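This report describes one protein chain, from its overall fold to the way its parts meet. Look at the sequence and the structure first, then read on.

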Amino acid sequence: MRIELEDVRHVYAPGTPFEVEALRGVSLAVEADGVLGIVGGTGSGKSTLAQHLNLLLAPTSGRVLVDGADARMLKGGELRRRVGLVFQHPEAALFAPTVEEDVAFAPSRLGLGEEETRRRVRETLELLGASHLAGRAPHALSGGEKRRVAIAGVLAMAPEVLVLDEPTAGLDPATGEDLLGIVRALRDGGTSIVVISHDLDEVAEVADRVCILEGGEVRAAGTPEEVFYAHPEASLAPATVRTASILRDPYPEVGKPVRFEETLAALNGLLEGRG
Amino acid sequence: MTASRSLGQFYPVASPLHGLDARAKILATGMLAVGLFLVDSVAGFLLISAVVVLLVAASRVPPGTFLGFLRPVAFIVALTVLFQVLFSREGETLFDWGLLEVHEGGLAGGLFLALRILLLVSTAGLLTATTAPVALTDGIEDLLSPLKRLRFPAHELAMMTTIALRFIPTLHEEAQKITRAQAARGVDFSQGGPIRRARAMLPVLVPLTVGAFRRADELAEAMESRGYRGGEGRSRYRAPRFRARDAIALAAAALVVVGGVLV
């Protein structure tokens with residue numbers, strides 16, 4: 001499924017002294033496949049935007065379209081099932097006595113039958129490398145384990161689009177790396193993924209398309225190469241792009257690498273060429 | 001993200017009432033509350049009602065906010081009035097339907113009682129809407145501090161109240177976040193009968209409670225690591241000053257109460 005936001009505005013607590021305009025006319029598309037990275041600082045409207053993708057928040061003005069039709073036309077839980085939204089720090093919503101039951105919470109309301117539900121829970125936990133945790137109590141797990149279980153709890157609905165809000169926030173680098181590996185595996189399996197993050201380096205590693213959000217507006221959107229090399233200043237580009245854009249001046253053959261591996265290969269090429 | 005703050009009653013605008021010292025406002029509210037139970041005449045109620053309406057206007061808080069405060073007590077008010085009207089046997093009989101009799105005294109008593117509760121809630125609402133929670137609890141601590149000699153834990157009480165008030169919006173926001181997270185997993189909080197809806201709340205209440213305990217632990221540790229050891233020898237960052245206008249406000253409140261009782 002393809003999700004489109006058309007000039008979406010969102011105002012919290014309108015008409016009170018607490019009024020905040022979090023989104024000021026955002027238009028963007030989440031394609032039916034690939035990874036869309038949405039980056040922006042705190043207060044840029046990222047999390048508000050995420051909740052518009054499954055209409056947990058309704059736009060104050062503007063429209064959300066699913067495959068060209070108004071998303072409000074979809075019945076009750078259908079949109080929520082097809083667009084899986086994993087909140088920031090999703091482990092805060094774990095509640096069942098065991099990991100297995102918590103992951104089964106969403107699929108068991110889809111009327112799948114017990115066997116199918118069990119199969120989904122098993123497969124999802126396996127995908128996230130958390131099978132060994134199935135019988136444990138969620139609150140007794142480590143931070144990284146909880147995160148995997150919480151993501152599994154949404155993924156078990158088999159959504160067509162998976163939205164991850166700051167998936168690696170507060171995790172150790174190794175667990176964060178694992179999660180990005182899972183994102184790539186899901187993308188290759190045909191799930192469309194939205195990764196929302198403040199971390200440009202992380203987004204550069206996984207994104208096929210990038211959107212930079214600033215003060216509730218889209219500042220730039222396109223392929224990572226287009227977006228990052230258009231503004232290679234420190235605050236808007238990952239370390240790889242900043243490095244390469246400095247080297248490009250004397251050595252244009254460096255090209256425009258974005259991912260770490262690409263950048264490494266470009267630098268190796270440069271060194272060998274001068275060998 | 002900033003969520004709705006329907007539960008944080010403080011309404012931060014600039015008004016003459018917002019500028020008054022919290023202690024003056026607490027005492028004045030107390031006097032009006034006592035006064036409301038002593039007033040027993042139509043003229044007295046008219047006087048106090050007029051004063052409350054004037055104060056609401058002066059507070060620059062939208063009147064709708066006060067209606068919001070009144071909504072939760074509406075049911076209780078209706079119930080008390082009903083009992084008063086039906087079971088009081090004072091004065092002349094107005095209606096007589098066999099078992100049910102409505103007397104003049106009962107009707108008047110019921111209306112006075114309703115007015116009393118509504119004015120009381122409005123007055124208390126004025127205090128919380130125009131006074132920042134911290135100023136409010138500092139004021140309570142100051143007013144209770146003479147009792148410290150009797151080992152009354154005034155500081156602890158004030159600190160606990162401050163913390164409780166401070167965390168109402170936080171918990172509200174947290175509850176909203178968890179509710180949305182579970183809604184993203186397919187929970188529909190709006191459908192089904194009361195039992196089904198109560199069951200739908202379980203996935204929200206469990207993590208909310210766990211989170212509240214964790215937060216309390218963290219707060220205690222953070223306070224200790226910043227050297228908090230109770231009220232002994234603790235000074236204030238913002239020392240409140242009792243000015244002439246606070247004295248005038250108190251005197252005015254006293255006048256209104258005395259006037260309301262005497263007329």
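## Contacts, size and domains

Among contacts in chain A between residues at least 6 apart in sequence, 64% join residues at least 24 apart; two residues are in contact if their C-beta atoms, placed from the backbone, lie within 7 Å. This is a predicted model, in which local features need pLDDT of at least 70 and side-chain atom pairs count only at pLDDT 80 or more, while totals for chains, interfaces and linings use all residues. Residues are numbered from 1 along each chain as its sequence is written, and chains are lettered from A and ligands numbered from 1 in the order in which they are written.

Chain A has ten helices and ten strands. Helices (H or I, at least four residues) and strands (E, at least two) are DSSP runs, numbered from the N terminus. The C-alpha trace of chain A spans about 65 × 50 × 35 Å along its principal axes.

An automatic or database assignment sets the domain bounds:

| Domain of chain A | Residues |
|---|---|
| domain 1 | 3-222 |
| domain 2 | 225-275 |

The C-alpha centres of domain 1 and domain 2 of chain A are 30 Å apart. Where they touch, nine residues of domain 1 of chain A are in contact with 13 residues of domain 2 of chain A. On the domain 1 side, the elements giving two or more residues are helix H7 (200-206), strand S9 (209-214) and strand S10 (217-222) of chain A. H7(A) provides the largest share of that side, four residues.
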